[in-house]
Amino acid sequence: MYLLYLDDSGSVANPGEEYFVLGGVCVPENSVRWLSYEVEKLAERLNPTDPAQIEFHAAEIFSGRKGRVWGTLDREQRRGVIKDVLLTLRGANRDIVLFACAVHKASFPAEDPVKLAFEDLSSRFDLHLQRVSSGTYQERGMIVLDDSSYETSLQGLARSFRQQGNRWGSYLKGICEVPLFVDSRASRLIQLADHIAYAVFRRYNAGDLTYFNCVEGRFDQEGGTMHGLAHRTRSSPDCTCPACITRRLARVPQPDV
């Protein structure tokens, strides 16, 4: 069983933001406890007496606007905390991979970017499950999301994918249940997913690679193509982000050596 923890970054309704991002981390069930504890150790460092009071929410840490802990740290210290959360993946096994979808909102004015991103990532996750399956054994997966207002619509969307297929005519073969929604305060891996989504959001919305560079090599990939990162846009056909450029290179015939 693989669990894909997802969270969002960016506001669908905010006209000042060009992008909405859904992203997170895919973890085999036998690694969930280890990775959760890696994030928990950071909370223990910040608040040794009561680490449960520490919730890692990247946008709040970045701004320092909320919470007694973040308000006591200067700008560089807060940026360092965000990086430390992302760098918990540095010692992780290679079967722990990342997924994210950055949707350029103006490119799809008639579509809900949340649903667009979820459809994209659920399909990518399902293909990943097929690739890691062996022989006749089909690996199964579950999507875990931060509790949000999208609960009803995303559960219905996942159900329709399984029954009717997605827009590409594919069915979700490996995902075994509708998404599970949990309180981010109770899940260190949802908090890690929040940071991954934020790193991708900063990369596309602000051109800031500070956090994205911490995790770029962790996105699901095969044969030089970055499958785990999607850039959904119609405004930049020549985009050179790793998601776009590895797909273009995969379509170009390579010269004989």
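This is a predicted model: local features need pLDDT of at least 70, side-chain atom pairs count only at pLDDT 80 or more; totals for chains, interfaces and linings use all residues.

Visitor: At what angle do the axes of helix 4 and helix 7 cross?

Guide: Helices (H or I, at least four residues) and strands (E, at least two) are DSSP runs numbered from the N terminus, and axes are lines fitted to C-alpha atoms, for helices over the stretch in contact, with angles from 0 to 180 degrees between N-to-C directions. Here the axes of helix 4 (residues 75–86) and helix 7 (residues 188–205) cross at roughly 110° and come within 9 Å. Angles of 65 to 115 degrees count as roughly perpendicular, so helix 4 and helix 7 are roughly perpendicular to each other.

Visitor: Which residues make the contact of helix 4 with helix 7?

Guide: Contact means heavy atoms within 4.5 Å. Helix 4 contributes Ile82, Val85 and Leu86, and helix 7 contributes Leu192, His195, Ile196, Tyr198 and Ala199. Ala, Val, Leu, Ile, Met, Phe, Trp, Tyr, Cys and Pro count as nonpolar, Asp, Glu, Lys and Arg as charged, and the others, Gly among them, as polar; this contact of helix 4 with helix 7 has seven nonpolar, one polar and no charged residues.

Visitor: How does helix 1 pack with helix 7?

Guide: Helix 1 (residues 32–46) packs with helix 7 at an angle of about 75°, their axes lying 8 Å apart, and the two are therefore roughly perpendicular as well. From helix 1, Val32, Leu35, Ser36, Val39, Glu40 and Ala43 meet Arg188, Leu189 and Leu192 of helix 7.

Visitor: What volume does the largest cavity have?

Guide: On a 1 Å grid over the protein atoms alone, a cavity is a set of points where a 1.4 Å probe fits but cannot get out, whereas a pocket is an open set with protein on both sides within 12 Å along at least five of seven lines; lining residues have an atom within 4 Å of a point. Grid points are joined across faces, edges and corners, and a volume is the space filled by probe spheres set on the points. The structure has one cavity of 30 Å³ or more, and the largest cavity has a volume of about 70 Å³. Its lining includes Asp7, Phe20 and Leu145.

Visitor: Which element gives the largest share of the lining of the second largest pocket?

Guide: Helix 7 gives the largest share, four residues, and the pocket has a volume of about 290 Å³.

Key. Residues are numbered from 1 along each chain as its sequence is written. Side-chain values use heavy atoms; hydrogens and water are left out. Angles under 35 degrees count as roughly parallel, over 145 as roughly antiparallel, 65 to 115 as roughly perpendicular and the rest as oblique.
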